[in-house]
Amino acid sequence: MCGVCANGDWLCGQCEHDLVAFGVHCVCCTRKMGRAGLKCGRCLRVPHALDEVFVGYHYGFVVRECLLKAKYGRDRGALLVLERLAGRVAQMADLAVEMVVPMPIAKRRLAVRGFNQSRFLARAVAKVTGAAMVDGVLVKSARVAQSSLHSDALRFANIRGAFAIRRAVSGHVLLVDDVVTSGATAQEAARMLKIAGAEKVSLLAVAGR
């Protein structure tokens with residue numbers, strides 16, 4: 001039974017059809033652009049650590065229901081759908097990377113939830129890319145929830161210094177997350193991955209908002 005509309009498989013054909021592609025955006029962030037392959041004015045003025053960003057879908061009703069049921073309802077069917085969508089985004093991106101790294105979550109949140117959903121998504125992406133999925137490269141300390149902050153400036157300030165390096169990396173590293181909003185968390189994680197030795201850091205997210 002569809003976890004979104006209660007018909008068919010966990011994600012029925014109609015609900016899958018209702019998924020909306022994220023569309024053309026800045027190479028380095030989620031700001032919408034008229035043409036692919038361009039940087040927005042903000043990223044040209046203030047270079048960031050992320051070299052590329054790949055986003056699959058809009059954070060609409062279908063994606064939101066999948067994420068809420070996977071993260072907070074511990075629904076394995078929803079998580080499998082998200083894994084499939086992450087793999088699909090990886091196929092579309094067609095990346096050559098040396099390492100796939102899941103976005104870490106704070107220990108306290110991990111203890112409450114029992115799992116990091118990004119780890120499952122990263123594993124699916126690693127299968128598509130053929131690169132190794134490496135967990136534990138970064139650890140994250142607790143912060144005020146980014147979603148509770150209402151400006152990009154506050155989100156960037158809040159997340160600064162939230163990650164610590166636990167092992168060295170090299171080459172092209174692909175960071176995998178479920179949803180990207182301002183990109184502040186991903187930018188800070190990318191900054192630390194470059195300190196850890198990455199030559200290039202890309203982000204792949206199932207959805208953007």
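**Close-up views of the sheet and its helices**

**View 1. Pairing of β2 with β3 in the predicted model.** Two bridges join strand β2, residues 99-102, to β3, and the two strands run in the parallel sense. Across this pair, V100 is positioned opposite M133 of β3.

**View 2. The open sheet and its strand order.** Five strands, paired in parallel, are arranged as β1-β7-β6-β2-β3. The edges are formed by β1 (52-58) and β3 (132-133), each of which pairs on one side only.

**View 3. Packing of helix α3 against helix α4.** The axes of α3 (residues 61-71) and α4 (residues 76-93) lie 8 Å apart, at an angle of about 125 degrees. The two helices are therefore oblique to each other. The crossing of α3 past α4 is left-handed.

**View 4. Residues in the contact of α3 with α4.** From α3, the contact is made by C66, L67, K69 and A70. From α4, the contributing residues are A78, L79, V81 and L82. By class, seven of the contact residues are nonpolar and one is charged, with no polar residues.

How values were computed:
Residues numbered from 1 in each chain as written. Predicted model: local features only at pLDDT ≥ 70, side-chain atom pairs only at ≥ 80, totals over all residues. Heavy atoms only, no water. Pairing = 2+ DSSP bridges. Helix = DSSP H or I, 4+ residues; strand = E, 2+ residues; numbered from the N terminus. Axes fitted to C-alpha atoms, helices over the stretch in contact; angles between N-to-C directions. Parallel < 35°, antiparallel > 145°, perpendicular 65-115°, else oblique. Left-handed = near helix turned anticlockwise from the far one by under 90°. Contact = heavy atoms within 4.5 Å. Nonpolar A, V, L, I, M, F, W, Y, C, P; charged D, E, K, R; others polar.
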